[in-house]
Amino acid sequence: MFGRLMDKAAGALGYMVLREEHLRERQGTVGWERLSTLPVRPRTVIDVGVADGTPELYNAYPDAYLVLIEPVEEFFEGIQTLLSRRPGVHLPVALGDAPQELTMRVEVGDGAKSSLLPRTALSATGREGCERRVRVLPLDQAIRGVPLEQPLLLKIDVEGFELNVLRGATEVLRRTDLLIVETSVAKRFEGAATFAAVVSFLASQDFALRDIVHIARDPRVGVRHADLVFARDFA
């Protein structure tokens, strides 16, 4: 509760509070600010795995309609606060490649680390956690009835489950102009798709890598994960 109050107070002043380990992960960032220089101005932003939000993304496109997808209830209040300031909708579900119920491990004190996949020793936090059953839908099904005006930007941050989400989003991908995916380079989750598999799948959907807006490094393995920007050919 205290942490959320600090986040709100800092946000009102235009700042963002980061835990020390999150600050270390952000070292090496290439630059979210360059999103606004790309030759596309999204009118819709779909943020899959909202957690505390992605202010760099929202600020880059202040007029975009937000579709915020987040199943962890600890973040619902902050999402509603965000949506009180700009148009959008919150969908309180997890995403995957088929409709089902799965068990999500939610870490106490850091819900952003919640995952549908077990962590490896590399990414284990040692924090206490609890297990919750969550509803999982393909993105193509979850957004039915939601207005998706193009150009459209899709951002995915789902702690190792990104290929599952992408496989359930083939219809949305056909309408997507920009795509940001947090993709593991090192093995952070058991059963997660490899970096190569994610890039290969997106190539099959006619997406090419355009930029990198965040790189998280670890002295044990080098690059842990990165936020990759994909786009269709602008020519």
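The dialogue below goes through a few features of a predicted model.

Me: What should I keep in mind about numbering and confidence?
Reply: Residues are numbered from 1 along each chain as its sequence is written, and side-chain values use heavy atoms, with hydrogens and water left out. In this predicted model local features need pLDDT of at least 70 and side-chain atom pairs count only at pLDDT 80 or more, whereas totals for chains, interfaces and linings use all residues.

Me: How many helices and strands does the protein chain have?
Reply: Helices (H or I, at least four residues) and strands (E, at least two) are DSSP runs, numbered from the N terminus. The protein chain has eight helices and ten strands.

Me: In what order do the strands of the open sheet lie?
Reply: Two strands pair if DSSP finds at least two bridges between them. Here three strands form an open sheet with mixed pairing, in the order β4-β6-β5. Since β4 (94-95) and β5 (100-107) are at the edges, each has a single partner strand, so one side of each lacks a neighbour in the sheet. Strand β5 runs antiparallel to β6 (residues 129-137), to which eight bridges join it, and E107 has G129 in β6 as its bridge partner.

Me: Which charged end sits over the ring of F207?
Reply: A charge sits over a ring if NZ of Lys or CZ of Arg is within 6 Å of the ring centre and within 35 degrees of the ring normal. In this model the charged end of R232 sits over the F207 ring, 4.2 Å from its centre.

Me: What percentage of the residues count as buried?
Reply: Buried means under 20% relative accessible area (1.4 Å probe, protein chains only). Of the 235 residues in the protein chain, 47% count as buried.

Note on methods: Buried < 20%, exposed > 50% of the residue type's maximum accessible area, 1.4 Å probe, protein only.
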